[in-house]
Amino acid sequence: MLKKILIANRGEIALRIIRACRELGIETVAVYSEADEQSLHVQLADAAICIGPAPASESYLRAERIIAAAEIADVDGIHPGYGFLSEDPEFAEQCEECNIKFIGPHSRSIRLMGDKARARETVRSVGVPTVPGSPGVIESSEEAVHVAQQIGYPVLIKAVAGGGGRGMRIAHNAMSFQKEFNAASNEAAKAFGNGAVYIEKYIEEPRHIEIQILADEHGNRIHLGERDCSVQRRHQKVIEEAPSPFVTPELRAAMGEAALKAAAACDYWNAGTIEFLVDKDRNFYFIEMNTRIQVEHAITEEVTGIDLIKQQLRIASGEPLRYKQSDIQISRHAIEVRICAEDPSRNFAPCPGEITLYYPPGGHGVRLDSHIYGGYVVPPFYDSMIGKVVTYAPTRELALDRMNRALSEYLIRGIRTNISFCRAIIRDPVFREGGATTKFVETFLARTPHEIFTKTNENLDQSP
Ligand code: ADP
């Protein structure tokens, strides 16, 4: 078993990894930027090393500084968390070259699945359905127009290096195509240093449903069912649940089998997620693979009873999987809400600052993964997510009631958050009936009185 690891991340995921390590008796080394000196992950790890100034580009994204810290601290492994360097094949490769175990898949698998056009081709070659689109990267605008015409409008132009919902443009017809094509390519070149794009049919009102997998380094692979992540704003997830209210046992089995085929096609090990879009007729299409732990992993933990971070550490230690597919039972329902320091009444503008009063929710069936506390100052330099509230229960209805209750208790003063916005979604009849597609948030925002988002979460009950 690994004895000591470095955590190349911050915030709630750094804490989550420290917790798993502590239960396994693994020593932890945190890294932090100058802006994170007061962070909980720095205080709770066994040791902590400052790796540079506040901007991520000078600290959490600096592979060479993290590797140097790992060598000084003499760790056996590095857990990259999500975001930052977690899907950077060069970072994984550097770890491999320095004989530091990268707690994730091999750099080969990251590289292959990180190119979204090659990922599509790879999984299609083993029989996994993909969204109809260009066979690979689009080489010229003539080819682009031709492909778009063949698959039919609307089409989505996507960056091969895309992520976080960026580098994606819809073209509704031939007239707007050229403009959107150029915009997507320029945006991708700026954001990812790679302007290559491919084209997919734009699926109208799909659901985003993804499959969690676990694979060891000895060729054993299982899936842990799905998460429904259809509640998204600007292609970014806001609320997730497991199991999906839309998925039948037959669909789950078929998607699980497809996910395992995709994982085998890139010789995958450790934890990973295969993302699909599912149309109203329950046809499913691969869109991408995330070769890391995801934000929303906690809901899978709560419905299966399996600690995914511990499994990652065991797999990276060379252990064979402890579970067979038949051991995996989905025994309850779980929902996750991503709490962000942002102001829904000002177009979700980030709201960093000092938390002057803090009271977290608790009670039966509530899990809170967060690094914030009273007096903590949310720095302006990083992602605005400040925590995740997860509720679980024997039924979906009860899990939703519990989430509504938990969000009503959650007090964060001094900064604005999206808590009342999320609470309003949890109480929305369309969402409650399990009817949310990826269009949901857009229509919800259009039909919901704006005042709701300026209310604090605990007095939402007094709204009409
Ligand atoms: P990213 O890596 O930026 O997160 P994804 O490929 O995972 O990009 O897509 C993010 C979201 O964008 C999906 O969950 C879905 O809502 C939307 N999306 C992606 N591809 C399509 C498509 N072909 N048709 C309709 N919506 C899509």
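## Gly164 and its setting

In this predicted model, Gly164 has a relative accessible area of 48% and is therefore classed as partly exposed. Gly164 belongs to the loop that runs between β6 and β7. Computed along the chain, Gly164 and Lys237 are separated by 73 residues, while their C-alpha atoms are 9.2 Å apart in space.

## Polar contacts and cover of the ligand

A polar backbone atom of Gly165 is 2.6 Å from an oxygen atom of the ligand. In the side chain of Glu288, an N or O atom likewise lies 2.6 Å from an oxygen atom of the ligand. On its own, the ligand has 550 Å² of accessible area, and the protein covers 96% of it.

## Composition of the ligand shell

The shell around the ligand comprises 22 residues, of which Gly165, Glu200, His208, Gln232 and Glu288 come nearest. Sorted by class, the shell holds seven nonpolar, eight polar and seven charged residues.

Five elements each supply two or more residues to this shell: β6 (155-163), β7 (166-171), β8 (197-201), β12 (270-278) and β13 (284-290). The greatest contribution is that of β6, with four residues. Because residues of both domain 2 (132-201) and domain 3 (207-460) take part in the shell, the ligand lies between these two domains.

## The largest nonpolar core

In soluble globular proteins, nonpolar side chains tend to be buried together. The largest nonpolar core of this model has 38 residues, and Ile239 and Ile412 are the members that touch the most others. Two or more residues of this core come from each of β11 (236-242), β14 (333-340), β21 (385-393), α12 (396-409), α13 (419-426) and α15 (440-447). Among the contributors, α13 gives the most, with six residues.

## Cis peptide bonds

The peptide bond between Tyr153 and Pro154 is cis, with omega at about -5°. Pro154 is located in the loop that connects α7 (141-151) with β6, the strand that gives the most residues to the ligand shell.

Another cis peptide bond links Ala242 to Pro243, where omega is about -10°. Pro243 is part of the loop between β11 and α9 (249-265).

## Positive phi outside glycine

Asp74 is not a glycine, yet its phi is positive, at about 55°. The residue sits in the loop between α3 (63-73) and β4 (77-79). With 59% relative accessibility, Asp74 is counted as exposed, since the cut-off for that class is over 50%.

Asp267 also has a positive phi, near 50°, and is a residue other than glycine. Its position is in the loop between α9 and β12, and β12 is among the strands that supply two or more residues to the ligand shell. The relative accessibility of Asp267 is 38%, so this residue is counted as partly exposed.

Methods:
Residues numbered from 1 in each chain as written. Predicted model: local features only at pLDDT ≥ 70, side-chain atom pairs only at ≥ 80, totals over all residues. Heavy atoms only, no water. Near = heavy atom within 4 Å. Polar contact = N/O pair within 3.5 Å; in protein donor to acceptor, adjacent residues only side chain to side chain. Areas by Shrake-Rupley, 256 points an atom, 1.4 Å probe, with all protein chains shown as cover. Nonpolar A, V, L, I, M, F, W, Y, C, P; charged D, E, K, R; others polar. Domains from an automatic or database assignment. Core = buried A, V, L, I, M, F, W, Y, C linked by side-chain atoms within 4.5 Å. Buried < 20%, exposed > 50% of the residue type's maximum accessible area, 1.4 Å probe, protein only.
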